Amino acid sequence: MRINKFISHNTNYSRREADELVKDKKVSINNKVVENLATEVNDGDKVKIGQKLIKLKKEFSVIVYNKQKGELVTKRDDRGRKTIYDNLPRGLSKFISIGRLDFASEGLLLLTDAPAIAEALMSSDIEREYYLKVKGEITEPVIAAMQEGFFAKDATKGAHAKTKQISMEFKPFLAYKVISQSGGYTRLRVIINEGQNRELRRFFGYFDLEVMDLKRVSFGRVSLDQLGDGKWRYFTNSEYDDLRDFLKQNNVRY
């Protein structure tokens, strides 16, 4: 594990702050000062900041947050826009998001104080369930794409204006259901098992369907249930048990 990641996982320092500690020659491994930011920490290594030994974190916490529209999933915004951390208790300021929801999206967002767990869940194929409202009708080509998946050389419709990712491969949806079509709009429920950047907005944008509303309601067996807008809660015991099983099966160290 890279030194900055090790420090951020086991202390309250961020990775950026950990890099600064290394640059200031305040970090040592086995009593040898670390000089390279790319230095790896191995099992059994004793890492110190100054004279203080870093103790391995054995426990972790995960929360469920019901993100509101108009909130950014970031620590700070140079334009002064509201972030999720403005609405969370100060004690959760070090928690990192497991994936993101864009400014106009809402719903279930998981956050944790364990970077290794966040990374494992973000890259997993755990099911994500969404409710959407799109402008336009779901035609046969769209249904075929949901069922079969496809590769788009240009998947920029629905993407952020400054995106550098032009093409995108869309896997088949695990499930979908058209709930209603009226007044030029379609409401539907979809389940996918990946979380690429603005994936659903790009998918429907490819077919000139603009996503008007997007709400994530579950991630695996974790769901919003009756959690109110802008409210949060810790994982339940059963949710922690499920997560520990996932970590064990995937050999995730945390």
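Start at Gly 107, whose bridge partner in β13 is Arg 216. That contact belongs to the pairing of strand β7 (residues 106–112) with strand β13 (residues 210–219), a parallel arrangement held by two bridges. Strands here are DSSP runs of E with at least two residues, numbered from the N terminus, and two of them pair if DSSP finds at least two bridges between them.

Before going further, a word on the ground rules: this is a predicted model, so to speak, with local features needing pLDDT of at least 70 and side-chain atom pairs counting only at pLDDT 80 or more, while totals for chains, interfaces and linings use all residues. Residues are numbered from 1 along each chain as its sequence is written, and side-chain values use heavy atoms, with hydrogens and water left out.

Back to β13. Strand β8 (residues 128–135) pairs with β13 in the antiparallel sense over eight bridges; look for Leu 132, partnered with Leu 214. β13 also pairs antiparallel with strand β14 (residues 222–223), over two bridges, and Ser 218 has Ser 223 as its partner there. These two strands form a hairpin with two residues between them, and Gly 220 in the turn has a positive phi of about 65°.

Now the rings. Phe 150, Phe 170, Phe 173, Phe 203, Phe 204, Tyr 206 and Phe 207 are linked into a cluster by ring pairs (centres of Phe, Tyr or six-membered Trp rings within 6.5 Å). Lys 133 lies over the face of Tyr 185, at 4.6 Å from the ring centre; the rule asks for NZ of Lys or CZ of Arg within 6 Å of the centre and within 35 degrees of the ring normal.

How values were computed: Helices (H or I, at least four residues) and strands (E, at least two) are DSSP runs, numbered from the N terminus. Rings of Phe, Tyr and Trp (its six-membered ring) pair if their centres lie within 6.5 Å; planes under 30 degrees apart count as stacked, over 60 as edge-to-face and the rest as tilted.
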